Amino acid sequence: KSHHTTTMEKRYFDWLNKKGVERADVSLFDFPLTGRGVKADANIKAGTIIAKIPYDVLITEEKLNNDIFYSSVLKENTTITGDNSLALFLMLEKYSLESSENEKTKDQEWEKHIYMQPSQYNNVLYFNQQEIDELRGSNLFPITTQLLDVQLKSDFSAIVSSLADRPDIKNKLSYKEYLWALSTIWSRAFDIAVKGRQQRALAPLADMFNHSFTTAQADHRFDELCHCLVFTAVRDIKEGEQIFICYDPTLPNIRLLRLYGFCEPNNNRDVVQIWAPCHPQLPLFDWKSEAIKKLGINNQECFTITSGGNIPSSLFINLRIQALEDISDEEAKQASKGMISLSNEIEVISTLQGALSSMLSAYPTTLQEDEEILKATNTNENIKNILL
């Protein structure tokens, strides 16, 4: 570790101490496989509190709405909510750090933490075109292209437009920094429940813990009694070990790659996501759409097939109703109970097989070719994660 890095970390921990963050004997370390993470500098017993981060130190949308500076922007621009409000915060904080002293927007309370964030990420927002093309066949390909080509540009444009009367802020925003800010939130924010209300929170030190499904030695929760985000050892941790947490025990690789920029080999939580909305040109479109909706099924969202090959009953119900030839409320109700008729069920199976075959044929390489690429020592890390 360079002297510069060590100095930055010392200033960072000094700042954490001043903010009332409590921690066990831990430090930050650049690990060979995972990059920067949290290291135990002494043996830690199971049950020990590793870190306790007060709510006052967290940044949430609710707190930004009560901040003297940010509330003047957010309360006048109701289109900037959720992740976009946190993204605006990060963009302006980062801009102020990079500006000359007389251009600073506000006091830099978060300066030390901003300096510790990565300058770029490995998630899909940073993929080049070759890497995006490698996603073909998976549901992540249309999600990524929709995000990059339409949604995020539209969201950023909406933020800029809503700040038309604030050129002091508007002119300091860029799309590149917006992608950085969103990536920071996607990969480093925590979802916490405070007095029964779910909040997204940026949490100093907490976002330095790396993820593992199988070797996590600590868990985390928001403790209402001490009003802190608390990390506790769930087993003994040896001096020198990296301390892992589990971001979410249900995450498939498609979400790990999209949000965090990595995948887990042999992830038994993997899924295939399939879209099956009613096409506007489908015969009896209006009636079928309403019949599906009445059964509590939203076919505008993807259906998830688990790694064990379990196909959700909601997908069968959806396809059975779409395959009906005539209006029949009785047959629509029967769809939720089981097969409507043999011919209907054959059409459902045929449609499902066709959709999955189309997805499989869209992959640019075969399984055998993927396995050879993964064995190669010079394969780009992003390509490896995409193939996994």
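I346 counts as exposed because its relative accessibility is 53%, and exposed means over 50%. You will find I346 in helix α14, which covers residues 342–362. Please keep in mind that this is a predicted model.

**A patch on the surface**
- Together with M339 and L342, I346 makes a nonpolar surface patch of about 320 Å².

- S212 sits in the loop between β8 (210–211) and β9 (218–223).
- With a relative accessibility of 7%, S212 counts as buried, since the cut-off for that is under 20%.
- A polar atom of the S212 side chain lies 3.3 Å from the backbone nitrogen of T214.
- Setting aside neighbours within four places in sequence, S212 is in contact with F244, I245, C246 and E264.

**Helix α7**
- Helix α7 runs over residues 140–162 and bends by about 50° at L147.
- L147 is itself one of the buried residues of α7, and among the others are L140, F141, T144, L148 and L152.
- An α-helix has 3.6 residues a turn, so residues three or four places apart point the same way.

**The whole chain**
- The protein chain has 16 helices and 13 strands.
- Its C-alpha atoms fill a box of roughly 70 × 55 × 45 Å along the principal axes.
- Of the 388 residues in the protein chain, 45% count as buried.
- The accessible surface of the protein chain is about 20400 Å², and 50% of that belongs to carbon and sulfur atoms.
- Among contacts in the protein chain with a separation of 6 or more, 66% come from residues 24 or more positions apart.

Definitions and conventions: Residues numbered from 1 in each chain as written. Predicted model: local features only at pLDDT ≥ 70, side-chain atom pairs only at ≥ 80, totals over all residues. Heavy atoms only, no water. Patch = residues over 30% accessible without salt bridge, like charges linked within 9 Å, V, L, I, M, F, W, Y side chains within 5 Å. Areas by Shrake-Rupley, 256 points an atom, 1.4 Å probe, with all protein chains shown as cover. Salt bridge = Lys/Arg side-chain N within 4 Å of Asp/Glu carboxyl O. Helix = DSSP H or I, 4+ residues; strand = E, 2+ residues; numbered from the N terminus. Buried < 20%, exposed > 50% of the residue type's maximum accessible area, 1.4 Å probe, protein only. Polar contact = N/O pair within 3.5 Å; in protein donor to acceptor, adjacent residues only side chain to side chain. Contact = heavy atoms within 4.5 Å. Bend = angle between axes of the 7 residues up to and from the residue.
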